[in-house]
Amino acid sequence: MRISELLKSNKNTDQPIVGNVHEPIAHDSAVKHVTGAAEYIDDIVEVVGTLHAYCGLSERAHAEIVEINLDAVRAADGVVDVLTVDDIPGHNDISPTGLNDEPIFAEKTVEFLGQPMFAVVATSREAARHACEKAKVEYRDLRHVTDVVEARDAGYPNVTAPLTLSRGDPEPVMKSATNTISGEMRIGGQDHFYLEGHIAMAIPEEDDCVTVYSSTQHPSEVQHMVSHALNVPANAVTVLVRRMGGGFGGKETQSNLFAVIAAIAAKKHNVAVKIRPDRDDDMISTGKRHDFHVDYKAAFDDEGRIEAVEADFSARCGFSADLSGPVTDRTLFHADNCYYFPNVVLRSHPLKTNTVSNTAFRGFGGPQGMLGGERIIEDIAYALGRDPLDIRKANFYGVEDRNVTPYHQTVTDNILERVVGELEQSSDYASRRKEILKFNKANPVIKKGIALAPVKFGISFTATWYNQAGALVHVYNDGSIHLNHGGTEMGQGLNTKVAQVVADEFQVDLDRIKITATHTGKVPNTSATAASSGSDLNGMAAQNAAQQIKKRLVEFGAEHYKVDAEEITFASNQVQLGDKSVSFGEFIKAAYMARVQLSAAGFYKTPDIHWDREKGTGRPFYYFSYGASVSEVSVDTLTGEYQVDRVDILHDVGNSLNPAIDLGQVEGGFIQGMGWLTSEELWWDDSGRLRTHAPSTYKIPLASDMPRIFNVELAKWSTNPERTIRRSKAVGEPPLMLAMSVHQALSMAAASVADYKIAPRMDTPATPEHVLMTIERLKKERPN
């Protein structure tokens with residue numbers, strides 16, 4: 001069902017309140033987004049005298065800074081100041097993991113091309129940007145490595161501690177196995193390509209205080225980084241985020257640099273300072289999805305059931321750790337995807353390279369792990385001459401047994417069989433595959449492919465302490481409600497969902513609730529809006545705050561109206577007090593006059609999760625989300641060009657808080673995943689310069705790349721067995737991995753030129769060039 005159909009159907013129903021949970025309500029800013037009325041940081045009216053900053057970036061991938069002459073920069077028109085490391089009052093470090101490996105400004109050495117060395121502060125953004133180009137820097141070049149395999153072979157170090165997950169003993173099983181396969185795979189990275197680039201504006205306040213408007217997914221981390229750089233306590237820094245124009249993980253840590261520079265300049269000159277890089281410089285100087293090289297081997301029986309797996313995941317992490325530790329950990333957590341490995345060893349290698357430090361991206365390493373696991377399944381299928389779906393089913397996690405992951409968590413909520421079974425039937429997968437096999441025999445040039453890909457994705461921060469959230473709810477004496485929580489809105493509809501939770505608790509219309517900017521002065525110590533946990537955490541915190549207020553109101557009502565507490569209910573913008581019914585506004589006014597506290601700070605922490613990284617065991621995930629997709633493609637074997645003909649998706653979001661928003665997340669996640677696996681290619685030249693740094697060279701999916709037929713359904717029967725907010729499930733990240741079916745369908749189409757006798761082993765991204773090279777290789781390798 002399309003989102004517009006959901007919204008239309010909702011208007012025709014007779015609901016007790018408008019905006020209840022489980023209703024398909026439009027995003028609170030949807031109209032503002034399409035009309036241009038939504039206010040982003042660059043739209044905020046600038047304070048008189050606002051200055052503009054811009055970063056001066058290195059022109060070497062790895063070099064000593066012999067001398068840097070900024071005289072011409074300082075003399076340029078409009079320049080007010082040039083900030084260097086000497087202007088930092090506190091710590092020259094913005095490392096999110098506290099490893100002190102990510103300087104604000106490089107001092108003696110630059111470690112990637114595009115690393116900030118200084119910042120110009122000028123009367124206009126253009127003046128600051130052009131002045132940066134006048135710097136004269138003498139370098140002494142050092143050896144640089146940009147490729148992950150080259151870094152591994154050269155003995156480059158890990159940027160953070162690697163992880164090993166193991167269960168059983170694969171080695172003896174491999175030696176005695178009936179069948180084995182081994183191989184390697186390259187998995188490309190991805191730029192976030194958010195519509196709104198990085199931006200920050202800092203406004204100095206009295207004493208040591210500063211207010212920072214930042215396009216960030218993690219306001220509390222920006223607060224901490226600014227406080228460290230200014231050498232002031234966190235209570236002197238206030239960070240606000242009303243909305244972002246997209247984040248996708250790229251604004252979890254990468255916003256720190258820009259907020260810190262703006263704050264340093266603002267406090268030094270006692271004026272507001274804004275910083276916003278061009279798209280090119282944004283892409284050059286900020287981190288991306290990690291690309292990987294995977295070495296794998298597996299043992300399996302004649303039915304395709306896996307007996308042992310061993311795999312090494314080497315990641316291009318960049319010059320510093322950033323979030324590479326937890327990202328590569330999660331890669332291993334999801335290398336099993338939906339499959340039980342009886343004997344398994346998985347190892348991560350988070351390698352240093354002379355590139356920008358890679359960072360969080362939707363899926364947080366999980367998609368790369370899944371691709372590695374799916375490559376093993378695909379290789380087994382081609383080795384046995386079977387439909388890959390048969391091999392997938394043979395290796396699905398069980399319900400009563402065969403249900404323990406490589407990290408020793410028991411899968412207790414398995415609905416794989418139902419999700420895959422329903423989609424297989426609704427998409428008519430089996431008969432379509434037969435028709436495609438016939439088509440490929442009859443057509444020498446155009447080849448088709450079809451694949452069904454399942455997804456199992458764990459939900460929670462693996463850093464257990466991040467699984468907490470706060471919220472602040474005020475009920476004003478006119479009955480209007482003010483809502484603030486620790487999550488950030490980046491277009492995903494979090495604010496709408498959390499507001500629906502509060503509306504449902506008080507049983508009032510959604511328009512009675514005012515959603516306000518995330519504000520570190522209102523809700524402290526917030527976790528990043530990431531790991532698909534925004535609604536889970538902040539929805540529960542907001543519910544807790546609302547329930548505190550309701551408890552006080554019920555106590556007041558029982559005393560004031562002389563009824564039992566059990567006789568008081570909230571429904572349809574009214575409060576029922578025994579036989580008497582009063583409006584919500586009237587009831588709130590009476591409570592105010594009786595001096596009832598109408599404000600509460602809510603809190604929530606995810607229960608029952610734990611993780612021992614040293615032992616590689618625990619329950620890092622509260623629950624799993626499931627989904628499946630079927631993709632059909634057509635490939636021109638003469639050029640490698642292709643189109644996605646049809647996609648069918650069935651996705652599990654539990655008891656959806658908002659089906660319209662969730663459907664949009666599934667559709668958008670799939671298309672973003674399709675871009676990662678097909679058209680979005682990152683390419684560095686021999687000097688270490690990123691060449692794909694603009695829309696002209698970096699190709700995100702266009703409207704014309706949408707599947708010709710796109711059928712998306714939510715599993716309406718699903719409900720979360722865990723006590724999540726209204727038994728819903730996370731939806732932000734899992735749908736991205738559904739796009740694996742597009743890559744697998746392209747692989748099948750390519751394999752047809754060798755009569756499916758050879759595993760295609762197509763790396764990602766599967767650009768037309770890479771598809772064509774795979775086809776030509778298979779033609780040469782095919783048996784006579």
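Six bridges join strand β28 (residues 642-651) to β29, and these two strands run parallel. In this pairing, valine 647 has phenylalanine 710 of β29 as its bridge partner. Before going further, please note that the model is predicted, with local features needing pLDDT of at least 70, side-chain atom pairs counting only at pLDDT 80 or more, and totals for chains, interfaces and linings using all residues. Residues are numbered from 1 along each chain as its sequence is written, and side-chain values use heavy atoms, leaving out hydrogens and water.

**Two open sheets**

Strands and helices here are DSSP runs numbered from the N terminus (strands: E, at least two residues; helices: H or I, at least four). Two strands count as paired if DSSP finds at least two bridges between them. Strands of a sheet pair through backbone hydrogen bonds, either parallel or antiparallel.

β28 and β29 belong to an open sheet of four strands with mixed pairing, in the order β16-β27-β28-β29. β16 (446-459) and β29 (709-714) are the edge strands with a single partner each, so one side of each has no neighbour in the sheet. From one strand to the next, the twist averages 15°. β29 has a covered face made of Phe710, Val712 and Leu714, while Ile709, Asn711 and Glu713 form the uncovered one.

| Strand pair | Bridges | Direction |
|---|---|---|
| β28 (642-651) and β29 | six | parallel |
| β18 (481-485) and β19 | three | parallel |

**The nonpolar core**

A nonpolar core is a set of buried Ala, Val, Leu, Ile, Met, Phe, Trp, Tyr and Cys residues joined through side-chain atoms within 4.5 Å; buried means under 20% relative accessible area, exposed over 50%, and partly exposed in between (1.4 Å probe, protein chains only). The largest core has 155 residues, and those touching the most other members include Ile481, Phe506 and Phe584. Helix α16 (residues 534-561) gives the most to this core, with 11 residues. Isoleucine 481 touches Phe506, Ile513 and Phe584, among others, not counting residues up to four places away in sequence.

**Domains**

Domain bounds come from an automatic or database domain assignment, which gives domain 1 (3-38 + 468-605) and domain 2 (407-464 + 610-784). Their C-alpha centres lie 36 Å apart. Across the boundary, 30 residues of domain 1 are in contact (heavy atoms within 4.5 Å) with 27 residues of domain 2.

**Helix α8**

Finally, helix α8 (residues 255-269) is mostly covered, with 12 of its 15 residues buried. Among the buried ones are Leu257, Phe258 and Ile261. Asparagine 270 follows α8 and has a positive phi, near 55°.

Note on methods
Axes are lines fitted to C-alpha atoms, for helices over the stretch in contact, and angles run from 0 to 180 degrees between N-to-C directions. The expected span of a helix is 1.5 Å times one less than its number of residues.
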